[in-house]
Amino acid sequence: MRSLIVFVFGILFTLNTVHVAAMPAFVSITKKQLTCLVDNAYHEAMAEGKLGRLLVTQVVLNRAKLKEESYCSIVYAYKQFSWTLAKRKSIKPELRKKLEYEVLELLHNMVKIPEDFKAATHFHTISVKPDWSKKIAYAGTHKNHRFYAG
């Protein structure tokens with residue numbers, strides 16, 4: 001079986017895996033893991049603009065690193081992200097490609113997020129005040145979300 005390999009802007013695409021050439025390491029992410037990150041960014045922060053989606057994705061990346069778990073395990077952990085509890089509409093293919101590129105840019109360090117948010121591990125909408133928010137260091141607010149590191 002032939003593999004389709006395409007290298008675009010430092011990103012190597014193969015049939016089932018996306019490899020991101022980051023200096024000095026080579027970051028690899030499966031299509032499944034990329035889909036989990038994209039779905040979460042879309043459902044949690046689509047109205048928050050690119051930066052909001054990147055901040056939500058950074059939270060998942062940070063949690064996965066701390067817990068040594070996959071991105072999908074973090075996204076689909078019980079009651080961590082409310083959108084996972086109900087059936088949601090699918091993402092149009094053109095939009096999915098755009099969001100995949102945003103996530104890959106973050107993984108590849110091709111896009112920067114504000115320093116205060118880089119260590120964020122939690123967030124919530126500004127309309128609620130969960131008990132845990134009093135116990136974790138506040139990192140900042142972006143549009144309708146408050147972020148915390150800890």
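N109 sits in the loop between α4 and β5, where helices (H or I, at least four residues) and strands (E, at least two) are DSSP runs numbered from the N terminus. Although N109 is not a glycine, its phi is positive, at about 60°. With a relative accessibility of 49%, N109 counts as partly exposed; on this scale, buried means under 20% relative accessible area, exposed over 50%, and partly exposed in between (1.4 Å probe, protein chains only). The model is a predicted one, in which local features need pLDDT of at least 70 and side-chain atom pairs count only at pLDDT 80 or more, while totals for chains, interfaces and linings use all residues. Residues are numbered from 1 along each chain as its sequence is written, and side-chain values use heavy atoms, with hydrogens and water left out.

K79 also has a positive phi of about 60° without being a glycine. K79 belongs to the loop between α3 (71-75) and α4 (93-107), and is exposed, with a relative accessible area of 54%.

Turning to the sheet, three strands form an open arrangement in the order β5-β7-β6, with antiparallel pairing. Two strands are taken to pair if DSSP finds at least two bridges between them. β5 (122-125) and β6 (137-142) are the edge strands, each pairing on one side only. From one strand to the next, the twist averages 25°. Five bridges link β6 with the antiparallel strand β7 (residues 145-149); among the partners, A137 is bridged to A149 in β7. Helix α2 lies across β5, β6 and β7, and runs at about 140° to β5. Here axes are lines fitted to C-alpha atoms, for helices over the stretch in contact, and angles run from 0 to 180 degrees between N-to-C directions; contact means heavy atoms within 4.5 Å.

The loop between α1 (31-45) and α2 (49-67) holds E48. Beyond its neighbours within four places in sequence, E48 is in contact with H142, K143, N144 and H145. E48 is buried yet has no salt bridge, and the nearest side chain of opposite charge, K143, is 6.2 Å away. A salt bridge requires a side-chain nitrogen of Lys or Arg within 4 Å of a carboxyl oxygen of Asp or Glu; for charge, Lys and Arg count as positive and Asp and Glu as negative, with His and the chain ends not counted.

Helix α1 is mostly covered, with eleven of its 15 residues buried, including L34, C36, L37, V38 and Y42.
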